[in-house]
Amino acid sequence: MCRLLAGPRDQHVHQQTLNQLAQASQDRQKTKTMGSVAILQEHWTTLGTQDDQPADAQLDWQRIADLLSFAYEHWLNHPMDDLTLKQQQRCLATRFQHTYAKARRLGKQVQADALNSDPVLCHRFRKWVKHLLYQLELLAEYNPDLKKLNKLRSKLKTIADDLGDHHDLSELSDQIHERTNELDDKAVKRVIKLMRQEQSDLLTHAMKKFRQVFEEKSETWVKGLSK
């Protein structure tokens, strides 16, 4: 499903990221950079209106619907009901610990090398943060008034959103470098500089939230969810 949606999604995100950079250059009062972003925006708009769109731009909605149906049937028939309540709780706690520990380990690697901010490592960290967020959202369905859960979800969402924007900037940067022959050299340099500044700010904010959420070891953290 992700592969089927990747092409149109990437094209949309590139344009969306350029719009965000336009706002960032305005907020930072970088007049020349605003003009440079506008050049790239025009270029990407042209790409979006070309007739020779890649084949994956035409979405196969029937295939996507079939895959969704298959996933639904899989979880509908998942054998969790065969377990006792304590077994279910133990199973969920184990999965929580695994997801939290993985996200925490990756986050510490990002934190240790924050100045270089390897985009691949940041993206892996983001994926495990999102896994943990989705698991917490399941718990929140049954505990909507538990303030601790809601605060954790909010902080995890902030981390995931910041890292998501960081990843989108990395992807756009790659695309810009691949199209240097088609673009204005000065515009590219100005926009790339702005993108790096934005990525640095996003990572700083994300890691501040990371320290608040991932301070404890996994077993202690999971036990704290029930308090």
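Helix α1 (residues 2-27) and helix α7 (residues 185-213) cross at roughly 85°, and their axes come within 11 Å. The model is predicted: local features need pLDDT of at least 70, side-chain atom pairs count only at pLDDT 80 or more, and totals for chains, interfaces and linings use all residues. Residues are numbered from 1 along each chain as its sequence is written, and side-chain values use heavy atoms, with hydrogens and water left out.

**Helix packing**
- Helix α1 is therefore roughly perpendicular to α7 (angles of 65 to 115 degrees count as such).
- The contact (heavy atoms within 4.5 Å) involves Leu21, Ala24 and Ser25 of α1, together with Val191, Leu194, Met195 and Glu198 of α7.

**Aromatic pairs**
- The structure holds five aromatic pairs (ring centres of Phe, Tyr and Trp, the last by its six-membered ring, within 6.5 Å; planes under 30 degrees apart count as stacked, over 60 as edge-to-face and the rest as tilted).
- The pair of Phe96 and Trp221 is tilted, because the ring centres are 6.4 Å apart and the planes lie at 55°.
- Phe96 belongs to helix α4 (residues 85-112) and Trp221 to helix α8 (residues 218-225), so this pair ties together parts 125 residues apart in sequence.
- Phe96 is buried at 6% relative accessibility, and Trp221 is buried with a relative accessible area of 4% (buried means under 20%, with a 1.4 Å probe and protein chains only).
- Phe125 and Phe210 form an edge-to-face pair, 5.6 Å centre to centre with 90° between the planes.
- Phe125 lies in helix α5 (residues 119-142) and Phe210 in helix α7, 85 residues apart.
- Both Phe125 and Phe210 are buried.

Note on methods:
Axes fitted to C-alpha atoms, helices over the stretch in contact; angles between N-to-C directions. Helix = DSSP H or I, 4+ residues; strand = E, 2+ residues; numbered from the N terminus. Parallel < 35°, antiparallel > 145°, perpendicular 65-115°, else oblique. Buried < 20%, exposed > 50% of the residue type's maximum accessible area, 1.4 Å probe, protein only.
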